[in-house]
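Hi,

Here is the structure I promised to pass on to you. Please have a look at it first, and then read on for my notes.

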Amino acid sequence: MPSLIDLRRRIGSVKNTQQITKAMKMVSAAKLRRAQQAVVHARPYSRLLNDMIGSVLAHGDGTEPAISHPLLERRETRSIQLLVLAGEKGLCGSFNSSVFKAATRFLEERPERDVHLALLGRKAVEFFGRRDTKVSGTWEQVFAHVEYATAQTIAQESVAHFRAGEADEVWVLFNLFRTVLKQEITLERLLPVLPAERGGPDANVGYDYEEPPERLLGALLPKRVETQLYVAMLESAAAEHAARMTAMDSATRNAGEVLEKLTLHLNRVRQASITTEIIEIVSGATALE
Amino acid sequence: MPENTIRIEIAVPDRQVLDAEALSVQLPLTTGYLGVLPGHAPMLGAVGTGELTYCDPGGVERHLALDGGAVEILPDRVRILASRAERDEDIDLDRARKALERADHRLQLGSLEIDVDRAQKALARARARIAAAHTASS
């Protein structure tokens with residue numbers, strides 16, 4: 001049976017832990033709000049970009065051949081680059097492990113293909129660094145502040161791989177922020193670019209081109225890859241904060257339960273020792289009579 | 001929406017810079033400046049580095065510094081995708097002037113070590129910022 005001092009010490013340490021988890025939860029909540037805002041702010045640009053690419057591609061009215069571009073070209077898939085987006089830190093539930101599981105599955109499903117990984121986030125680098133998977137690039141410390149310039153650098157490297165024929169396809173794997181309680185593992189193709197269909201009334205107006213459409217498309221497509229990666233990074237960052245917030249919330253609640261149990265136990269032990277003492281005194285007194 | 005105005009939307013990768021109604025728009029394309037009035041024919045083009053001017057429904061001229069991107073013009077809308085866009089009130093004139101000097105200096109030195117293309121782009125960006133900020137304040 002643990003002594004009173006031991007129990008008090010345990011209670012103290014559980015209380016400390018609870019304070020830390022509570023603080024972490026609060027910090028994550030604040031960061032989550034900012035991350036969500038960043039996701040919303042990035043929407044107009046990517047929507048506009050998709051619309052424009054859709055318009056340029058719809059340009060061919062049947063009489064002339066549709067526009068082609070190297071970044072749209074589908075090749076026989078021999079090698080694939082997979083961008084894996086994970087976190088910089090742990091303590092966020094299954095956020096990291098579910099991405100790794102999905103990435104491992106991706107590799108297992110394509111044993112005959114040459115898949116190499118580009119890893120974003122320290123946790124991903126740690127996880128795959130210990131395994132014998134081919135890694136073509138690692139980026140750490142990119143999620144604390146998701147910058148467009150970072151996404152641009154990474155995307156440009158992937159585009160270069162694609163153009164050089166070192167990767168016939170480029171995919172990105174990340175946690176999509178659905179709700180605070182739900183993150184969804186999402187796999188998207190970056191290259192070759194999958195053009196989104198443009199809907200709406202102005203989908204097929206005949207545009208004048210101030211710039212040759214091929215050239216315009218050549219300027220827009222790399223931006224599309226960059227933006228898609230940027231949005232994925234923002235989503236992943238938001239999902240990480242949400243996951244950490246949920247994990248820390250349940251840890252705080254758990255600590256509360258442990259505290260309750262320990263306090264109950266402490267009181268029992270204390271009362272038991274008092275009872276024993278009284279019995280000893282009383283029996284001592286009776287023996288004297 | 002009134003017939004005689006055109007909507008301008010300008011977005012950079014991490015946010016929307018502008019979403020406003022205008023009587024007229026003047027924007028820098030790679031091939032030169034283009035004036036747009038409501039009812040313009042649909043057009044797609046590449047945006048260069050320079051100053052965008054638009055006239056708001058109150059008749060006040062407003063300015064922005066733009067850098068690189070694409071534009072889609074529809075009869076009732078001008079939509080611009082830019083790498084960079086700054087409103088005149090957000091431009092740090094001193095910084096832009098210093099950048100201009102630096103770029104100018106680098107180009108004049110003309111040593112082989114400098115990246116002429118980069119310096120020229122920096123020069124154009126600084127000029128655009130100064131132009132946007134200057135016309136606004138005068």
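How many helices and strands does chain B have? Chain B has two helices and seven strands, where helices (H or I, at least four residues) and strands (E, at least two) are DSSP runs numbered from the N terminus.

A word on conventions before the rest. Residues are numbered from 1 along each chain as its sequence is written, while chains are lettered from A and ligands numbered from 1 in the order in which they are written. Please keep in mind that this is a predicted model, in which local features need pLDDT of at least 70, side-chain atom pairs count only at pLDDT 80 or more, and totals for chains, interfaces and linings use all residues.

Chain B

Read along the sequence, the pattern of chain B is β-β-β-β-β-β-β-α-α. Its radius of gyration is 16 Å, close to the 14 Å that the globule rule gives for 138 residues, so chain B is as compact as a globular protein of that length. That radius is taken over C-alpha atoms, and the globule rule is 2.2 Å times the number of residues to the power 0.38. The C-alpha trace of chain B spans about 55 × 30 × 25 Å along its principal axes. Of the 138 residues in chain B, 36% are buried (20 or more other C-beta atoms within 10 Å of the residue's own; exposed means 12 or fewer, partly exposed in between, with C-beta atoms placed from the backbone). Among contacts in chain B with a separation of 6 or more, 53% join residues 24 or more positions apart (a contact is a pair of C-beta atoms, placed from the backbone, within 7 Å).

Strand 1 (residues 6-12) and strand 2 (residues 15-22) of chain B pair in the antiparallel sense over seven bridges; pairing requires that DSSP finds at least two bridges between the strands. These two strands of chain B form a hairpin with two residues between them, and B:I6 stands opposite B:A22.

Where the chains meet

In the interface, 24 residues of chain A are in contact with 20 residues of chain B. On the chain A side, the elements that give two or more residues are helix 1 (4-57), strand 6 (208-209) and helix 5 (213-288). Helix 1 of chain A brings the largest share, ten residues. Strand 6 of chain A is joined by two bridges to strand 5 (residues 43-55) of chain B, and the two run parallel. There, A:D208 has B:M43 as its bridge partner.

Helix 4 of chain A

Helix 4 (residues 148-163) of chain A has 16 residues and reaches 22 Å from its first C-alpha to its last, close to the 22 Å expected at 1.5 Å a residue (1.5 Å times one less than the number of residues). Its buried residues are A:Y148, A:A151, A:I154, A:A155, A:S158, A:V159, A:H161 and A:F162. They cover an arc of only 155° around the axis, which puts them on the same side of helix 4 of chain A; the arc is that of the directions from the helix axis to the C-beta atoms. On the other side of this helix, A:A149 and A:A160 are exposed. The buried residues of helix 4 pack against strand 1 (79-85), strand 3 (134-139), strand 4 (169-179), strand 5 (182-191) and helix 5 of chain A. After helix 4 of chain A comes A:G165, with a positive phi near 80°.

Best wishes

Conventions:
Two residues are in contact if their C-beta atoms, placed from the backbone, lie within 7 Å.
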